[in-house]
Amino acid sequence: MPEPLLPPSLETQSLGTQSLMTAAYVRRRGAAASIEVGRLPRPSPAANEVLVAVESVALNPVDTLVRSGRYRTNLPLPFVVGRDLVGTVVRSGTAVQGFSTGGRVWCNSLGHDGRQGSFAEFAVVPADRLYRLPDGVDPETAIAVAHPTATAYLAWFVHGGLRPGQTVFVGGGAGNVGLAAVTTAALAGARVVASCRPEDFARCRRAGADAVIDYRDPALADHLTDRAPEGVDIFWDTSGHTDFAAAAGATVPGARVLITAAPGAATSGTAAATTNVPLAQLYTRDISVLGFVISRASVADLAGAAGLINRMLVRNQLHARITERLPLEQTASAHEHMEAGTVTGRILLHP
Ligand SMILES: NC(=O)c1ccc[n+]([C@@H]2O[C@H](COP(=O)([O-])OP(=O)(O)OC[C@H]3O[C@@H](n4cnc5c(N)ncnc54)[C@H](OP(=O)(O)O)[C@@H]3O)[C@@H](O)[C@H]2O)c1
């Protein structure tokens, strides 16, 4: 059943003395072109929430999935798009302790499961989803790396069970999630083999990859076995183009294959109809295929990720690849670019 449309102009509604703010929002799930930038009521924090003045937001593939309805989740309407923000504390709810007015904070889990999004001048954030930005850390860098690095944390430490000395494969190693995956695995003491284009080999090596392979090489599976003769403990193609035959051939018994994306799922393209999975090679060697999505991560796991991210930021171990900085007014075209698959690196927007 279609969701009801709101009145054409929210500004014409009687808002009494309530303050307004600029926000990028949709009146219902739909195409990128349906994103409007206009004035909405400024939210007030409930007892367990903090009101944040937003400085920068980062665009993620999942933002387009939530907006379009391809990732189904409960949304308040009108819905402010986006899930990540960095900003400063304006006011804390009555039950909140530990955040001081004017302090820099970040969040990476708004905009789904009933929570309003982040692409606005102000946002309310549940206190247990808000993290202090350490002194001296660049806010743009922090919000650019937050979502990919939190995904890498969940992959290695929550779902993958990574231990020092293990060998991992990271497909799409030069992408946002891929670079975070390479960096965090290498720092955790893993041996990392990554796939990317040759022009990105140096980028992956700088992030900590011990060996790199061109993902377009038809002999990728052989090269992987050559580069990791000891066998791969965790196989994760962050691009979603999981080569299960390569995974089955290159992994040790008991290995884990992590799935966090599917071909075409993050763009407006059609997902691949089938994926060949050599089931016998997987089950006879105790190999697990584990999927997860950060949207379902617990508050505790997200806080664990945030702690790691803050520690790595303080040590200058996370490097942002910010390729565009845009005003909030360009949210719709930024979503269109992402759905066309033409975005490299991170897009930040500023209210
Ligand atoms: N499940 C979760 O919790 C979760 C969390 C975050 C993101 N995601 C998903 O993860 C995916 C990647 O996100 P991202 O931000 O890292 O995207 P991204 O920055 O565009 O990175 C994708 C990378 O994959 C590479 N690639 C393209 N085709 C490939 C292939 N056939 N084999 C290996 N690599 C290939 C790309 O290389 P080129 O530049 O050479 O094309 C690019 O470097 C998206 O679908 C996103 O929705 C899921």
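My entries follow, starting with the ground rules.

**Ground rules.** I'm working on a predicted model, where local features need pLDDT of at least 70, side-chain atom pairs count only at pLDDT 80 or more, and totals for chains, interfaces and linings use all residues. Numbering starts from 1 along each chain as its sequence is written, and side-chain values use heavy atoms, with hydrogens and water left out.

For the classes, Ala, Val, Leu, Ile, Met, Phe, Trp, Tyr, Cys and Pro are nonpolar, Asp, Glu, Lys and Arg are charged, and the others, Gly among them, are polar.

**Polar contacts.** Here I took pairs of N or O atoms within 3.5 Å. Ser-239 puts a polar side-chain atom 3.4 Å from a ligand nitrogen. For Thr-260 I found a backbone N or O atom 2.9 Å from a nitrogen of the ligand. At Ile-294, a polar backbone atom is 2.7 Å from a ligand oxygen. Next I checked burial: alone, the ligand exposes 940 Å², and the protein buries 78% of that; areas are Shrake-Rupley with a 1.4 Å probe.

**H1 against H9.** How do H1 and H9 pack, and at what angle? Helix H1 (residues 61–68) meets helix H9 (residues 331–340) at about 105°, with the axes 9 Å apart. Axes are lines fitted to C-alpha atoms over the stretch in contact, and angles run from 0 to 180 degrees between N-to-C directions. H1 and H9 are therefore roughly perpendicular (65 to 115 degrees). Pro-61, Asp-63, Thr-64, Arg-67 and Ser-68 of H1 touch His-335, Met-338 and Glu-339 of H9, with contact meaning heavy atoms within 4.5 Å. By class I get two nonpolar, three polar and three charged residues.

**Backbone spots.** Leu-77 and Pro-78 are joined by a cis peptide bond, omega about -5°. Pro-78 sits in the loop between H1 and strand S4 (79–80). Asp-113 isn't glycine, yet its phi is positive, near 55°; I found Asp-113 in the loop between strand S6 (104–107) and strand S7 (122–126).

**Thr-141.** This residue lies in helix H2. Leaving aside neighbours within four places in sequence, Thr-141 contacts Leu-313, Leu-318 and Ala-320.

Notes:
Polar contact = N/O pair within 3.5 Å; in protein donor to acceptor, adjacent residues only side chain to side chain. Helix = DSSP H or I, 4+ residues; strand = E, 2+ residues; numbered from the N terminus. Parallel < 35°, antiparallel > 145°, perpendicular 65-115°, else oblique.
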